[in-house]
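Look over the sequence and the fold, then read on.

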Amino acid sequence: MQFVDAVFASTVLMVVVGCILLWGKALQRVWRSGRPWIDAILPAETRERPFWTVADAMLMFGLSLVLTLLTAKLFVAIGQIRPTTEGAPLSSDLLLAGLSAQSVGGLLAFTGTLAFLRMIRSDAAERLGLLWKAQDVGVGLKASLMLIPPTLLIAHFASLIVEYKHPVLDVMKQSPTPVFFIVLFIGTALVAPWIEEFLFRVLLQGGLQAFADRPAETDVQEDPEDKDAVQVWRPKSLWPMFATSLIFALMHGNQGAAAIPLFFFSVGLGFLYRQTGRITPSLIVHIVLNGFTMSAEILRLLFTQTPA
């Protein structure tokens, strides 16, 4: 146990040092570059103006709710979910089935929304930023080191004011089984970040960004003499990523203090998508945070659990 504590402490120390160094370099670039701070940290890439709107985000959100409900009803019909009386405590089997239904419903909603957008633009996946570039992995990992430690620090202080609540963690303490941990980790650390990043960062923030930045202000013709040349676009307004982050935090309002750090965390994710126009950097950060917090909770339960 002492060895595990030592390894954990050393890892935390290295992460904190790395976070401080990266933020120091970023602030140094801002100080020396003479450019606006947002482009000094990570320059905004030019790309085509988003062709989707906020209505597409609402479409996916509605599809997700309906498909999750239908999936849950299917689980009830095949006996995976047993109907419970109102006010009954949440069991691990019920929670697993609910999380599975939510993951399936979200993935189906993503697929349906993407199929709809592909009917509008055949290159929808590329325009939505779903195609990754090699450098996006490095950007995502560096951003993870810069964003996650401050997020966890804010979460710690926020929990001193508002109690942190999460039904998943409560059930984990009651039924810490390997199957439960595996399903929970996949749904929380892999599926949920993908669905949330596509819904909030791509569809919602991208739609708001296109609405906020007028064509005459941000579109530049690649080749004025080429009639077939597309107009490239660079985001200007900052409020879409703050508005999206507020909605993102409010959607997690049932988790007590979690909404406070998640707002600031979402601003960081929104910054990454705003500057790159691709989902990969923010997705990596989201996966790392969810994977780390879930792994830490699982390990804590395993090492603190006492035999009956």
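Start with Arg-29, which sits in helix α1, a helix covering residues 2–33. The model is a predicted one. The relative accessible area of Arg-29 is 40%, so the residue counts as partly exposed. Being over 30%, that value passes the accessibility cut-off for joining a surface patch. Arg-29 does belong to such a patch, and its charge is positive.

Now turn to Thr-280. This residue is in helix α12, which runs over residues 280–304. Is Thr-280 buried or exposed? Thr-280 is buried, because its relative accessibility is 12% and the cut-off for burial is under 20%. Which residues does Thr-280 touch, once neighbours within four places in sequence are set aside? The contacts are Trp-132 and Asp-136.

The two residues are set out below.

| Residue | Relative accessible area | State |
|---|---|---|
| Arg-29 | 40% | partly exposed |
| Thr-280 | 12% | buried |

Next, the whole protein. Its secondary structure consists of twelve helices and three strands. The protein has 308 residues, and 42% of them are buried. Take the contacts between residues at least 6 apart in sequence: 80% of these link residues at least 24 apart. The exposed surface comes to about 17300 Å². Carbon and sulfur atoms provide 68% of that area.

Notes. Residues numbered from 1 in each chain as written. Predicted model: local features only at pLDDT ≥ 70, side-chain atom pairs only at ≥ 80, totals over all residues. Heavy atoms only, no water. Patch = residues over 30% accessible without salt bridge, like charges linked within 9 Å, V, L, I, M, F, W, Y side chains within 5 Å. Areas by Shrake-Rupley, 256 points an atom, 1.4 Å probe, with all protein chains shown as cover. Salt bridge = Lys/Arg side-chain N within 4 Å of Asp/Glu carboxyl O. Lys, Arg positive; Asp, Glu negative; His and termini not counted. Charge placed at Lys NZ, Arg CZ, Asp CG, Glu CD. Helix = DSSP H or I, 4+ residues; strand = E, 2+ residues; numbered from the N terminus. Buried < 20%, exposed > 50% of the residue type's maximum accessible area, 1.4 Å probe, protein only. Contact = heavy atoms within 4.5 Å.
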